[in-house]
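Please keep the sequence and the 3D view at hand while reading.

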Amino acid sequence: MSQFFAMGGYGAFIWPAYGVSALLLGATVAVTVRAYRKARAQLAVLEKP
Amino acid sequence: MIGALLLRDMRLATRAGGSAALALAFFAAVATLVPLGVGADLRLLMRIASGVLWVAAVLAALLSLDRLFQADFEDGSLDVIALAPLSLETVAATKIAAHWLTTGLPLTLLSPLLGVMFGLPPRAIAVLTLSLAIGTPAVSALGAIGAGLTMSIRRGGLILPLLVLPLLAPAVIFGAGAVQAALDGLSSGALLFLAAFAVATTLLSPFAAGAAVRLNLAG
Amino acid sequence: MFAFANPKRFMDASSAFLPWLVVATVLTLGAGVVLGFLAPPDYQQGDTVKLMFLHVPAAWSAMMVYGLLALTSLFSLVWRHPLSDVAAKAAAPLGAMFTVLGLITGALWGRPMWGAYWVWDARLTSFLLLLFIYLGYIALWSAVEDEVRAARAAAILALLGAVNLPVIEFSVDWWNTLHQGESIARAGGPRISAVFLWPLALSALGYTLLFFTLWTVRIRTEILERRARSILLGGAA
C-alpha cells in the first residue's frame, strides 16, 4: 500500500500533480456551470412578466 | 503637417517635467538602485549590466507611452487631428517617431555613462549604445499599439506594460544578448535579429496603432 | 459555421449537441485518466511517465486555445462575425487556466525528470509569456468599458500576440543556444510506446473535449447575460 503511494519514489510529485489537475479542472467546471445557471435564472426572472 | 505634429509632440515631451526628463530620470534611478541592491562588485555588475540596463531602458521608455494618444484624446485634440488630411496611421507613425526622439534617443545617449558605472569595457559600451539605438524604436512602436488599445481606459497606464512587455521580449533578448556577446568576445547575429525585429515592428505598428485609435474614436 | 452567427441559432444548436459533448468528454477524459493511472512504470522514467499524461494535454490545450482565440479574433475583425467576440472572450480564461496547469504540472514533471522545477529554455519561457499574454488579453476586456470597443481592442491584441509568439519562441531559442552550457539538455524527449500512447492521446482528446464543452457553456452564458443586460437597459419593452 505504501508502495502504491510512493510511486517508485516519485509520489511527492505525482500526487500533487493529480491533485492540482483535479482541483483546477474541477473548479473551472464548477465555476462555469454556476455562472451559467445564474445567468439562466436571472434571465428567467427578467422575462417573466 | 506631419512636421507640425512631430514638432508639437516633441515640444510637449521636452518641457520641464515632461516625458523625456521622466524617462532619463527613471533610467538613471534604476541603474543606481541595482548596484545598491546587488553590491558594488564590478565584476558582478559587469556581468549583469546588459540585462539590467536593457530592462531599465525598456521600462523607462514605457513610462510615458500610456499618454501617447490618451492626452490628445481627453482634451479633444485627437478629434481635431483626426479631421486633418492625415490618416490615423500617419498620425500614429508621427507620434511613434516623436516618442522615440524624445525618449528612446535620450536613453540611448545616456547609456554609455551608465555602462561605465557598471564597469563595461569600451567595446561592450559601444554595442550597448548601438543596440539601444536599434531596439528602442521597437519599444516605441509596440508601445504605441498598446497605447492605442488602452486609449479610452482611464487608468490605462497600469495595463499597458502588461500588454506590451511580453511582446517586447525579443527586443530585450537580442539587445542584451548582443551586449553579452560583445562582453564574451564573441560575435553574434544578435544585432541583426534586433534590427530585423525593430524594422518589422516600426513598419507594421502604425497600421495596428492606427486601427486601435480608430476603433476607440469611433465607439 | 456562419449559421451560428445568430445567437438564437447558436443556443438552439448548442443545446442539441451539448449533452453529447459532455458524454464524450466524460468518457474520453475518464478513459485517459484511468489508463494513465494504471499505466506501468516506464523502464527509463519510472512512474514519472504519469506526469506526462497530466502535463502534455494541459500544455497542448493551452496552445490550441490560443490558436482558436486568434482565429475567432480574426473573424471578429475581418468578417464582423457577431458571435466571434463572445467566443474569443469566453475562450481566454479557459486558455489561461490550462496554461497555469501546464506550468505547474510541468514543474512537477521537470524536477524528477530533468532535475529542475524550472529552466529558462525556449519552450518554458515562451509558455510563461503565453500566460502573460492571456492575462493581458483578459485584463483588456474588463478594462475597456464599452463592450464593442473592448471586443475590437481585444481582437487586435490577440492577433498581435499570435504574430509575436513564434518570434518570442525563436528569440528565446536563439538565446539558449548562446548559453548552451548552462541550460539543461532536453534532447528530444521520451519515445512513446503504445502502452503510453493510448493514455496520452485519450487524455489530450479528453482535455480538448472538456475545453469545447466549457467553451460552449461559457458562450451560452455570455449570450444569456447580454440578453439580460439588454432587457435591463431597454426598460419595459
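The radius of gyration is taken over C-alpha atoms, and the globule rule used for comparison is 2.2 Å times the number of residues to the power 0.38. By that rule a compact globule of 219 residues would have a radius of gyration near 17 Å, and chain B, with 18 Å, agrees. This is a predicted model, in which local features need pLDDT of at least 70 and side-chain atom pairs count only at pLDDT 80 or more, while totals for chains, interfaces and linings use all residues. Residues are numbered from 1 along each chain as its sequence is written, and chains are lettered from A and ligands numbered from 1 in the order in which they are written.

**Chain B**

- Chain B has nine helices and zero strands, where helices (H or I, at least four residues) and strands (E, at least two) are DSSP runs numbered from the N terminus.
- The C-alpha trace of chain B spans about 55 × 35 × 30 Å along its principal axes.
- Of its 219 residues, 54% count as buried, that is, with 20 or more other C-beta atoms within 10 Å of their own, whereas exposed residues have 12 or fewer and partly exposed ones lie in between, C-beta atoms being placed from the backbone.

**P35(B)**

- P35(B) lies in helix 2 (residues 19-38) of chain B, and it is partly exposed because 19 other C-beta atoms lie within 10 Å.
- Leaving aside neighbours within four places in sequence, P35(B) is in contact with A40(B) and L45(B), contact meaning that the C-beta atoms, placed from the backbone, lie within 7 Å.

**Chains in contact**

- Of the two pairs of chains in contact, chains A and C share the most contacts, whereas no contact joins chain A and chain B, whose closest C-alpha atoms lie 24 Å apart.
- In the pairing of chains C and A, 27 residues of chain C are in contact with 23 residues of chain A.
- On the side of chain C that touches chain A, the largest share, eleven residues, comes from helix 6 of chain C.

**Helices 3 and 6 of chain C**

- The axes of helix 3 and helix 6 of chain C come within 9 Å and cross at roughly 130°, axes being lines fitted to C-alpha atoms over the stretch in contact, with angles running from 0 to 180 degrees between N-to-C directions.
- These two helices of chain C are therefore oblique to each other, since angles under 35 degrees count as roughly parallel, over 145 as roughly antiparallel, 65 to 115 as roughly perpendicular and the rest as oblique.
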